[in-house]
Structure formats: structure tokens, C-alpha cells
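Hi everyone, thanks for making time this morning.

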Amino acid sequence: MMDKFNVIFDIDGVIVDSEQLHFDVLCELAPEQTRDIQPQQLIGLSLAETLNAIGVPSQVQQSITNRIISVYQDKLSPHYLRPGIAGLITALQQNGIAFGFVSTAPRKVCLANLGLLGLAEEPALISGDDVEQTKPFPDPYLAMLKLKRMEVRQTLVIEDTDLGIMAAKQAGIPQIYAWPHALSVMEQYKQATCVIKRLADIPQFAGLISI
């Protein structure tokens, strides 16, 4: 019999390999501010933090945020899903395993990403719009634990950034798996339980998936 566990997923970089797409959209809409910026410098930041970091004037941030979200939604497609993630979500549902999603991104972006999974029910989601302090603060993970009534000791997290791992660690979650992608070169993953190459490397998923 499978030991009881719950799963919390980051979204950008874990559900979807979208970090480059986010950067491409940013470059399209803010070419002057992104001229000397590399995408890996912005990994893990919220959209508001990103706009501040690249020097977008505060008075135009709301309008450019709306445009970024709209263009991103138009460009997003199922091929951005990371390998094995859709099959894993299906397996979790079939086995009655609780799961949720945590992100620094605006709720509209999160829902666009999660829409690629074709979930039958509205996902359990804590977005950057839902907490006052997002990653690296523990607030989003604490909010998800409360929302889904997850026992923290039975919960595992899949993240792609040091900021996200720090947030999960501060929330008291003991098992945090780092799943790198092409833009993860600046991440250290020192606080992660383990760095995985594929989802099947996570022991709890043995028998659920093979990818």
C-alpha cells in the first residue's frame, strides 16, 4: 500500500517550460529595459519584481502588465508542458492523491498555464495575487497547506528555483525536489532534498509514472 503523501507544484518552470517564453514576451514589450538582461537573471521573480528589476517606470507598470499577460496567453501552447507532467497529474487524480499549485505569477497567467492540463475541476491554486508576500517568503506554501488541509510532514514540493525552494523550506516542508531546465544555470539548489532529472526520480512517484 502506498504511503500517504501530498504534492505542491510550482508552475512556471515545473508545469510548463515557460521561462524563455516569459522573457521573449518581456523583450517584445519592453525592448529598451531588457537590452542588457539575460533571462536567467529574472528566474523566480514575480512579474512586479521583474518590472522593477529592469527599470520599468511605476506609472506604466499596470498597463504593461496587462499587455504582457495578454501576449503570453496568446503565445502559450501545449508543447510548453514539461515531460511527464500531464501523466503525473492524471495519476495523482486516479489515486486520490491531493495536490495543489503555487506560483509568484498573476492568477491569470497561472490559470492559462494550468489550462494546458485539461483539469476537470478548478485547480487548487495560490498565485502571486493571493498573498501579500510571495516567494522566497513561506506565505504561498503555508496558504496552500491550509487550503488543502495538507499535513506538512506528508507533503513534497517540486520547484525549479532557489527562491521557491527557500519558501517551501521556511514553510516547514521536508521534501523539496529541484527539477532544473535550460535556464536554471544560475540556481544552486543547496536547500533541495534532491535534484532530479525526471519526475520518476522522486521515490513517491514509483509505480505511478515511468517518465
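Between domain 1 and domain 2, the salt bridge count is 0. Please keep in mind that this is a predicted model. The two parts I mean are domain 1, made of 4-15 + 78-203, and domain 2, which covers 17-73. Their centres, taken over C-alpha atoms, are 22 Å apart. Domain 1 brings 21 residues to the contact, and domain 2 brings 18.

How much area is buried between domain 1 and domain 2? The value is about 1700 Å², with carbon and sulfur atoms giving 65% of it. As a reminder, interface size is often quoted as the accessible area lost when the parts come together.

Salt bridges do turn up when we count over the protein: there are 7 of them. One of these links glutamate 28 and lysine 75, whose closest N and O atoms sit 3.7 Å apart. Glutamate 28 belongs to helix 1 and lysine 75 to helix 3, so this pair ties together parts that are 47 residues apart in sequence.

Now to the empty space. A probe the size of a water molecule, rolled over the atoms, shows where such space is left.

With a cut-off of 30 Å³ or more, the count is 1 cavity. The volume of the largest cavity is about 400 Å³. It is lined by 25 residues, and those closest to its centre are Glu19, His22, Leu42, Leu45 and Thr50. Helix 1 (19-29), helix 2 and helix 3 are the elements that each give two or more residues to that lining. Which helix gives the most to the lining of the largest cavity? That is helix 1, with 4 residues. By class, the cavity lining comes out as 12 nonpolar, 7 polar and 6 charged residues. Both domains take part here too: domain 1 and domain 2 each supply at least three residues to the lining of the largest cavity.

Next, the open spaces. The largest pocket has a volume of about 220 Å³. Its lining holds 13 residues, and Leu47, Ala48, Thr65, Pro106 and Asp129 lie nearest the centre. Two elements give two or more residues to this lining, helix 2 (47-54) and helix 3 (61-75). Helix 3 has the largest share, with 4 residues. If you sort the lining of the largest pocket by class, you get 6 nonpolar, 6 polar and 1 charged.

The contact between the two domains buries about 1700 Å², with 0 salt bridges between them.

Notes:
Residues are numbered from 1 along each chain as its sequence is written. This is a predicted model: local features need pLDDT of at least 70, side-chain atom pairs count only at pLDDT 80 or more; totals for chains, interfaces and linings use all residues. Side-chain values use heavy atoms; hydrogens and water are left out. On a 1 Å grid over the protein atoms alone, a cavity is a set of points where a 1.4 Å probe fits but cannot get out, and a pocket is an open set with protein on both sides within 12 Å along at least five of seven lines; lining residues have an atom within 4 Å of a point. Grid points are joined across faces, edges and corners, and a volume is the space filled by probe spheres set on the points. Ala, Val, Leu, Ile, Met, Phe, Trp, Tyr, Cys and Pro count as nonpolar, Asp, Glu, Lys and Arg as charged, and the others, Gly among them, as polar. Domain bounds come from an automatic or database domain assignment. Contact means heavy atoms within 4.5 Å. Buried area is the accessible area (1.4 Å probe) that two parts lose on being put together, summed over both. A salt bridge is a side-chain nitrogen of Lys or Arg within 4 Å of a carboxyl oxygen of Asp or Glu.
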